[in-house]
Amino acid sequence: MSVEPGWYVDPADPDTRRYWDGEGWIGAPIPVDATPPEGPPPAERPPAPAPTPPAAPVSAPGAPAARQPHPGQPHPGQPQPWQPPGAHAHPQGPPPGWPPGSWPGRPPEPRPHGLPLAGFGARLIARLIDFAIVFALNAVVNGWFVWRLVEEVTPYWREVFRRAMAGDTSTEGLPQPSEQAGGLQVVILLIATALWLAYEVPTTAANGQTFGKRVVGVRVVPTAADEPLGFGRALRRWNTLGLPTLLWYCCGLGLLLQLVDALSPLFDHPLRQALHDKRAQTVVVQLPRTRRTAPDDRTDPSGDTP
């Protein structure tokens with residue numbers, strides 16, 4: 001199975017990254033945390049011709065003769081006769097460090113801007129934290145409208161449950177909600193969508209992190225450049241996931257679309273992009289964890305403080 005050309009971690013040296021042209025490694029390695037350039041590395045200059053070996057010194061009479069290379073044996077520094085020209089730059093078969101026939105079916109996992117991709121579990125926890133915050137905001141801002149809607153539909157559902165318990169399946173004479181109930185549903189969904197937008201888009205545009213992502217240690221970054229998303233890109237990313245909230249009114253259609261979007265990173269390779277990531281050309285990366293070391297008081301000398 002051929003591997004597409006690109007910058008991958010060198011299995012022989014995991015601290016470096018090299019360009020795989022489909023047949024072998026080319027170019028000089030770069031640090032694994034460095035951002036790889038677009039396309040293959042520049043062509044290397046041909047090596048300088050090997051210097052002419054000095055003539056063998058003439059042995060003095062009676063001195064032992066100098067050791068001569070075996071006929072057909074190359075001088076040190078010359079390519080071996082079984083190596084084709086350029087074999088050091090274009091090795092055939094699997095990359096160095098992999099036994100023959102063991103090149104995996106999937107290339108090594110990419111590291112956008114030198115950072116590993118965030119796992120689905122971390123992204124899910126961050127999203128649940130953000131949903132909890134947006135839900136709390138809705139309880140404060142949307143609470144009165146939700147209470148009014150419950151008051152409108154409670155008589156209808158109470159009568160439906162009473163008849164179901166009595167074995168009555170008729171629908172005649174059920175108390176119907178007023179026309180205000182439909183308007184209340186629309187208002188509730190509009191407010192909920194606006195609160196979600198106001199919570200997520202500005203923070204994502206500024207530094208790629210909502211509160212949930214900051215807690216988990218993940219960040220949204222563009223795929224092309226290591227820079228802030230900006231308001232436009234953050235809004236496009238949120239629209240794909242947030243706007244279907246308005247379709248909850250249509251028999252939960254919006255909730256189904258959001259569920260598909262939320263599960264899409266499980267089936268996307270190699271960048272694990274959700275549908276909203278693909279639209280905005282973003283990826284979610286895992287930030288390195290920094291350890292905070294507390295000062296060791298045991299190193300202080302014992303005795304009274306002056």
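His113 is found in the loop between β3 (25–31) and α1, and in this predicted model His113 has a positive phi of about 55 degrees although it is not a glycine. With a relative accessibility of 13%, His113 counts as buried, since the cut-off for that class is under 20%.

**Chain layout and helix packing**

- Read along the sequence, the elements follow the pattern β-β-β-α-α-α-α-β-α-α-α-β.
- Two packed helices are described by the angle between their axes and the distance between the axes.
- For helix α2 (residues 143–166) and helix α3 (residues 180–207), the packing angle is about 150 degrees and the axes lie 9 Å apart.
- That angle makes α2 roughly antiparallel to α3, because angles over 145 degrees fall in this class.
- The handedness of the crossing between α2 and α3 is left-handed.

**Salt bridges**

- Side chains of opposite charge can pair when their charged atoms come close.
- The structure holds seven salt bridges.
- One of the salt bridges joins Glu200 to Arg127, with 2.9 Å between the closest N and O atoms.
- Because Glu200 lies in helix α3 and Arg127 in helix α1 (residues 120–141), this pair ties together parts that are 73 residues apart in sequence.
- Glu200 is buried, at a relative accessible area of 3%, and Arg127 also counts as buried, at 14%.
- Glu152 forms a salt bridge with Arg148, and the closest N and O atoms of this pair are 3.4 Å apart.
- Glu152 and Arg148 are four residues apart in helix α2, so about one helical turn separates them.
- Both Glu152 and Arg148 are buried.
- Helix α2 also contains Arg163 and Glu159, four residues apart, or about one turn of the helix.
- Arg163 forms a salt bridge with Glu159, the closest N and O atoms being 3.0 Å apart.
- Arg163 is buried, and Glu159 is buried as well.

**Nonpolar surface patch**

- A nonpolar surface patch of about 900 Å² is made by Leu247, Leu253, Leu256, Leu257, Leu259, Val260, Leu263, Leu266, Phe267 and Leu275.
- Helix α6 (residues 253–263) gives the most to this patch, contributing six residues.
- Leu256 is placed in helix α6, and with a relative accessible area of 48% Leu256 is partly exposed.
- The C-alpha atoms of Leu256 and Pro244 are separated by 8.8 Å, the two residues being 12 residues apart along the chain.
- Leu259 is likewise placed in helix α6, and Leu259 counts as partly exposed at 48% relative accessibility.
- Between the C-alpha atoms of Leu259 and Leu241, which are 18 residues apart along the chain, the separation is 9.1 Å.
- Leu266 belongs to the patch and has its place in the loop between α6 and α7 (275–280).
- At 42% relative accessibility, Leu266 counts as partly exposed, because this class covers values between the buried limit of 20% and the exposed limit of 50%.

- The loop between α6 and α7 holds Pro270, and the peptide bond from His269 to Pro270 is cis, with omega near 5 degrees.
- Arg272 also lies in the loop between α6 and α7.
- Arg272 has a positive phi of about 55 degrees although it is not a glycine.
- The relative accessible area of Arg272 is 26%, so Arg272 is partly exposed.
- His113, for which a positive phi of about 55 degrees was given above, counts as buried.

Notes: Residues numbered from 1 in each chain as written. Predicted model: local features only at pLDDT ≥ 70, side-chain atom pairs only at ≥ 80, totals over all residues. Heavy atoms only, no water. Patch = residues over 30% accessible without salt bridge, like charges linked within 9 Å, V, L, I, M, F, W, Y side chains within 5 Å. Areas by Shrake-Rupley, 256 points an atom, 1.4 Å probe, with all protein chains shown as cover. Salt bridge = Lys/Arg side-chain N within 4 Å of Asp/Glu carboxyl O. Helix = DSSP H or I, 4+ residues; strand = E, 2+ residues; numbered from the N terminus. Buried < 20%, exposed > 50% of the residue type's maximum accessible area, 1.4 Å probe, protein only. Axes fitted to C-alpha atoms, helices over the stretch in contact; angles between N-to-C directions. Parallel < 35°, antiparallel > 145°, perpendicular 65-115°, else oblique. Left-handed = near helix turned anticlockwise from the far one by under 90°.
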